[in-house]
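Hello,

Here is the structure I promised to pass on to you. Have a look at it first, and then read my notes below.

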Amino acid sequence: MRLFIWIFLATLSFSFTADESEPSMTKRHHKKDGFKNNYPIDDHGFSSIIKWQFSTMGKKGKVLSFPVEKNNPEWIRNNTSEPVVTWINHSTFLIQIDGVNILTDPIFSDRCSPVQWAGPKRTTPVGLALDSLPKIDFVIISHDHYDHLDTGSIEQIESIQKDNPPVWFVPLKVKERLVDWGVKNVVEMDWWDSDSHSGFEIHCVPAQHFSGRSLSDRNSTLWAGWVLIKDNKRFFFAGDTGYSPDFKEIGKRLGPFDVSFIPIGAYNPRWFMRGVHVDPYEAIKIHKDVQSKFSIGMHWGTFSLADEDMDEPPRALKDGLQKEGIDESRFVVMKNGQMMHLKSYLSEPSLDLGN
Ligand code: ZN
Ligand code: ZN
């Protein structure tokens with residue numbers, strides 16, 4: 001069992017060596033056999049994992065379970081008009097806009113791991129059962145880590161919707177994995193590519209992260225965030241990310257945003273996590289950089305993936321918002337299962353923060 005925990009941890013090691021780009025590569029995030037960030041980050045290999053694990057032994061943050069809010073799956077299934085977002089858990093949201101149902105990074109399994117008998121185990125139940133989902137029109141996937149690309153969930157969604165399967169939008173090189181699992185409709189995109197589906201413009205945008213599901217495939221697939229636009233209403237899903245100048249660029253090119261989904265958890269120890277996971281204070285910087293009117297924190301409260309107390313992200317978020325003088329109602333956390341009606345946010349005029 002310990003071996004699988006180490007394999008999972010190994011997928012958390014990341015390294016960005018000197019520029020390995022081939023001269024023919026025109027995109028700066030492409031390199032031979034894989035990808036790299038737009039802005040180089042600290043090099044953390046397997047030895048850093050060992051250092052992290054031994055240096056914090058016995059000093060891990062509190063592992064906690066959070067209350068789940070009861071919702072009405074039947075109402076959700078029949079909702080064809082109300083703009084509503086339901087937090088299912090971790091980075092999984094059901095976004096319902098004008099009768100279009102969108103799912104983000106679906107994970108419904110008990111563990112985010114290559115196997116279901118070892119690896120990080122959920123501490124809080126899912127907020128909406130997989131078999132209670134409405135018909136999903138499309139899914140956006142940020143990258144191939146186990147807590148964002150969950151084989152069991154993907155296979156079940158495809159099987160439940162086999163007569164009318166959703167379209168899966170994934171970053172470059174992730175398609176192959178889904179096709180292996182029997183997924184029928186996959187659209188693979190590079191940063192700044194765009195497509196359209198169900199009345200939405202869909203843009204793949206940069207994030208600062210890394211990828212891999214084993215010891216041998218580090219950064220061989222791309223990681224990304226997503227922008228969804230319909231009738232000039234703009235949604236931003238940041239994926240899994242560290243803080244970088246990419247967000248000002250996203251805000252400039254595709255913002256301002258009406259609703260954003262921004263990670264706030266799995267950030268300690270900072271020396272190890274800084275490059276790839278924002279803390280809540282940096283999440284607020286992203287909220288400002290992309291010019292978000294309303295943001296929802298994600299990537300916390302479901303799995304214990306790092307060293308902070310599991311209830312620290314919302315407290316730090318609140319503290320950061322107070323320090324920045326931003327109204328707390330503009331960047332919130334939800335409970336698993338909680339539904340949020342977006343009508344009032346979508347009817348407000350868009351922000352222009354002049355960043
Ligand atoms: Zn990740
Ligand atoms: Zn993650």
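Before anything else, please keep in mind that this is a predicted model.

Let me start with the zinc ion (ligand 1). The 4 donor atoms around this ion subtend angles of 87 to 169 degrees, so the arrangement is irregular. To count as tetrahedral, four donors would need all angles between 85 and 135 degrees. The residues that coordinate the zinc ion (ligand 1) are His143 through NE2, His145 through ND1, His209 through NE2 and Asp240 through OD, at 2.1 to 2.4 Å. Along the chain, these donors follow the spacing H-x1-H-x63-H-x30-D. Both His143 and His145 are buried.

Now for the second site. Which residues are the protein donors of the zinc ion (ligand 2)? They are Asp147 (OD), His148 (NE2), Asp240 (OD) and His299 (NE2), and they lie 2.1 to 2.3 Å from the ion. In sequence, the spacing of these donor residues reads D-H-x91-D-x58-H. Here the 4 donor atoms subtend angles of 84 to 163 degrees, which makes the arrangement around the zinc ion (ligand 2) irregular.

Asp240 bridges the zinc ion (ligand 1) and the zinc ion (ligand 2), and the two ions are 3.7 Å apart.

Enjoy exploring it!

Best wishes

Key:
Residues numbered from 1 in each chain as written. Chains lettered and ligands numbered in written order. Predicted model: local features only at pLDDT ≥ 70, side-chain atom pairs only at ≥ 80, totals over all residues. Heavy atoms only, no water. Donors = N, O, S within 2.8 Å, 3.2 Å for Na, K, Ca; no water. Tetrahedral: all angles 85-135°; square planar, octahedral: opposite > 155°, others 65-115°. Buried < 20%, exposed > 50% of the residue type's maximum accessible area, 1.4 Å probe, protein only.
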